[in-house]
Amino acid sequence: MDFQLIEYFLRVVEIGSINRAAASLGLSQPSLSRHIASLEHLMGSTLFTRTQSGMQLTESGRLLSEKARPLLRQFAMLKEQVAQKANGQLAIGIPPSWKYLFTAPYVEKLTEQFPGIALRVYEGVSNVLRDYMYGRLLDLAIVPFNTPPVAGYRQTALVREPMVVVGRSRDGLRQDHPVNLSYLDGLKFVLPGRPNVARVQLEHALERKGMTFSIAVETDTLSLNLDLVNRGVGFTVVPACSLHGHGLGHGISWAPIKGQYVTWALCENEDRLHSTAMQEGRKLAIHTVMEALQKEVWIGAEPVGVLK
């Protein structure tokens, strides 16, 4: 597959005119038309219908438009990693909920102690990080413990923490008063889309008890998630670490959910175990998690696996 053809296709989708798209790409209109025809031949399907108002996507074209952008991002990431020296670069994926407890201090220490390492940090929810792992784009990743792990990665359990329900202050949730799962029955939730681990865990837990699971809004952005809760759009359920550093004010209250936990694991790309950058990055990751636990600011967290 020629990824440049995909880029040409997406430019036509964005602009809606093959003439204007050709001008923006520095191509002639006949040349761009040939490229689009080549892509349609490769895909075995017509991607556009030509109308007086411009280029309109077919059903096949809409599907390609939706799926192509993530593929291009992953291909760009892969090209960047291949172009760098193996021992001098480190790509790590970290969930947004770890930003204040782990990510910021980790990056600060690694750049200070190992200035020769070219560090790339990918922040994303668990299912996005797993997609990157399937593409072997990450050297290290912190994701919920999974059996079996992503092929080509070995995982080490690090820490277990409670899941918490977050609502407005008037909902009366208290961090020192855990709630039963039944409290969540029928609530409207603001949560990431499937197959996010926290979302799936909550959905399955309620369904097993015959309770109602209901989504108000799906968003993969943690800060927006919490802001929508503060505005009364719905409740959310997050790992306890998500609340650290977000300056939750008077509009928010939260409580742990009895019996609901997440165990976080450090995953290592087995193809990169020889890399000095990865070895040092792994040691520093474990040390940074240990420091966060020792400071006793990680609500309800306890070490497991290698840290126990």
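Predicted model: local features only at pLDDT ≥ 70, side-chain atom pairs only at ≥ 80, totals over all residues.
Helix α3 (residues 29–43) has another partner in helix α1 (residues 3–15). Their axes come within 9 Å and cross at roughly 115°, which makes α1 roughly perpendicular to α3. The crossing of α1 past α3 is left-handed. On the α1 side the contact is made by L5, I6, Y8, F9 and V12, and on the α3 side by L32, H35, I36, S38, L39 and L42. What kinds of residues make up this contact of α1 with α3? They divide into 9 nonpolar and 2 polar, with no charged residue.

Helices α1 and α2 also meet each other. Here the axes come within 8 Å and cross at roughly 125°, which makes α1 oblique to α2. This crossing is right-handed. Y8, R11, V12 and I15 of α1 make the contact with R20, A21, S24 and L25 of α2. In this contact of α1 with α2, the residues divide into 5 nonpolar, 1 polar and 2 charged.

| Helix pair | Axis distance | Crossing angle |
|---|---|---|
| α1 and α3 | within 9 Å | roughly 115° |
| α1 and α2 | within 8 Å | roughly 125° |

**Spaces inside the structure**

Now let us turn to the cavities. How many cavities of 30 Å³ or more does a search of the whole structure find? The search finds 2.

The largest cavity holds about 290 Å³ of space. Its lining has 27 residues, and those nearest its centre are S97, V125, N196, A198 and P239. The elements that give two or more residues to this lining are α6 (126–134), β5 (140–144), α7 (197–208), α8, β9 (236–239) and β10 (252–269). Which element gives the most to the lining of the largest cavity? That is β9, with 4 residues. By type, the lining of the largest cavity divides into 16 nonpolar, 10 polar and 1 charged.

The second largest cavity has a volume of about 30 Å³. It is lined by M163, A198, Q201, L202, V237, I257 and Q260. The elements giving two or more residues to this lining are α7 and β10, and the largest share, 3 residues, comes from α7. The lining of the second largest cavity divides into 5 nonpolar, 2 polar and no charged residues.

**The largest pocket**

The largest pocket has a volume of about 160 Å³. Of the 11 residues in its lining, P96, E123, D220, T221 and L222 are the closest to its centre. Two or more lining residues each come from α5 (99–113) and α8 (222–230). Helix α8 also gives two or more residues to the lining of the largest cavity. The residues lining the largest pocket divide into 4 nonpolar, 4 polar and 3 charged.

**Two backbone details**

Two spots along the chain are worth a look as you turn the model. R194 and P195 are joined by a cis peptide bond, with omega of about 10°. P195 sits in the loop between β7 (188–191) and α7.

The other spot is R136. This residue has a positive phi of about 55° although it is not a glycine. You can find R136 in the loop between α6 and β5. Both α6 and β5 give two or more residues to the lining of the largest cavity.

Technical notes:
Residues numbered from 1 in each chain as written. Heavy atoms only, no water. Axes fitted to C-alpha atoms, helices over the stretch in contact; angles between N-to-C directions. Parallel < 35°, antiparallel > 145°, perpendicular 65-115°, else oblique. Left-handed = near helix turned anticlockwise from the far one by under 90°. Contact = heavy atoms within 4.5 Å. Nonpolar A, V, L, I, M, F, W, Y, C, P; charged D, E, K, R; others polar. 1 Å grid on protein atoms, 1.4 Å probe; cavity = no way out; pocket = protein on both sides within 12 Å on 5 of 7 lines; lining within 4 Å. Points joined across faces, edges and corners; volume = space filled by probe spheres on them.
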